[in-house]
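Welcome! Please open the viewer and get ready to select a few places in turn.

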Amino acid sequence: MQVKYTQSDGSKILKFKYEFNIYKILNLFNFLIPKKFVLSILERNFTDFGLELTNACNANCSFCAYRFMQRGVKITSFEDFKKIVNNYNIIGGGDLNFTPVVGDPLVDKNIIKKIQYSRSKKNIKNIWLYTNGIYFDRFDINSFLNSGINRISISTFFGNEEKYFKYYGVKKYKEVVSNIKNLSKTNNNLGKKVKIYIHLRVELPKEKWIKNKDYLEIEKLVGKENISWLEDYENWSGMISQKDIPDGCKMTKLTTKQDKIKSPCFEMYRRMQILSNGDVGVCSCKDIDAEINIGNINENDLKSIWKGEKIKKYRDDWKMGIIPKVCEDCDRYNSIDKYISNNAFSVLIKHTKRFTRKLLN
Ligand SMILES: C[S@@+](CC[C@H](N)C(=O)[O-])C[C@H]1O[C@@H](n2cnc3c(N)ncnc32)[C@H](O)[C@@H]1O
Ligand code: SF4
Ligand code: SF4
């Protein structure tokens, strides 16, 4: 039986019911775990980890805040990269996400070398990223798929060159379609070595694109169950509005500042995001100009940064009603209380696995 469900990025996906993973079942029993206990785990160590290979992009999407970014573009040096991955590996590692706040990971010419390096470290588990897929033709696809990457999520549009330009800001429709076909055909020939997901940023209702011939060909290659589309778009802290998003889609509902200050945003406790210049942030999705800065990898190791004074101050300030500017109008906010209620078991499992791997180092 198929069910429609919403993914963590808000997009809708059709999935077979039996694919619901063990975390989802265990999370039904989250109420059994004391919230304070989970909070103390979150404060001691980060749960998710991401590394921005670059904040430079080869597109300029109407619905994305990339065009408003003030910080300079940079590609993470291989030296910095190795240092970060080595440190993550030593403390027990886990999954490694190369999705930037904005930018496209394929802009980094050394991406294959970086994935291979990460894969050579025994505590690095799933390696994955989001990309617009525009630069796949710059790489040898067999080498990309054999690099050690586990999952590639492609955000794209189906329709025609003109509409692609309207939403992606570049004339690359034919190239993207051909890249996705080539990638998924090669992956199928390799026995579906890598999980490929397609995340559509398209107009709604879906009748506008569901019979498009490029879409239908790619649906056959990738599998309908691995394709999703976004209905509600986020406002990038007020920089994006209804006029910027694909026709027929909606904007996410905004939580007022009064409601936000009741409980800090979950991102202040969940994830460590290393930026291309070595600065460390917590918000992998919306803090485009790296306002929230909790340290730098050239000054401290990952764990000390997470347990440091800077992040503690952000959390304490939040509880007193002082919140970062970028958070004021952000519609991605979710309270840490709600996050714990929904994810206590997955948090516990992730930390236990990391702790065990560290012991076995
Ligand atoms: C910012 S991009 C970075 C990675 C890569 N450049 C890409 O487009 O996949 C990460 C994801 O955010 C999505 N995104 C961008 N603007 C959005 C918005 N306003 N609301 C929801 N998702 C958005 C993109 O479509 C993409 O799936
Ligand atoms: S959504 Fe991705 S591809 Fe589009 S401009 Fe933003 S970072 Fe670039
Ligand atoms: S409120 Fe928004 S910008 Fe601030 S940390 Fe949360 S998700 Fe990021």
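Start with ligand 1: the shell around it has ten nonpolar, five polar and three charged residues. Here Ala, Val, Leu, Ile, Met, Phe, Trp, Tyr, Cys and Pro count as nonpolar, Asp, Glu, Lys and Arg as charged, and the others, Gly among them, as polar. This is a predicted model, in which local features need pLDDT of at least 70 and side-chain atom pairs count only at pLDDT 80 or more, while totals for chains, interfaces and linings use all residues. Residues are numbered from 1 along each chain as its sequence is written, and chains are lettered from A and ligands numbered from 1 in the order in which they are written.

Stay with the ligand and select Cys 64, Tyr 130, Ser 155, Tyr 233 and Glu 234, which come nearest of the 18 residues around ligand 1. A residue is near a molecule if its C-beta atom, placed from the backbone, lies within 6 Å of it.

Next, select Pro 205, in the loop between strand S7 (195–200) and helix H8 (213–222). Helices (H or I, at least four residues) and strands (E, at least two) are DSSP runs, numbered from the N terminus. The peptide bond from Leu 204 to Pro 205 is cis, with omega near 5°. Most peptide bonds are trans, and most residues other than glycine have a negative phi.

Now go to Lys 192, in the loop between helix H7 (173–189) and S7. Lys 192 is not a glycine, yet its phi is positive, at about 55°.

Finish at Ser 237, in the loop between strand S9 (232–233) and strand S10 (250–251). Phi of Ser 237 is also positive, near 55°.
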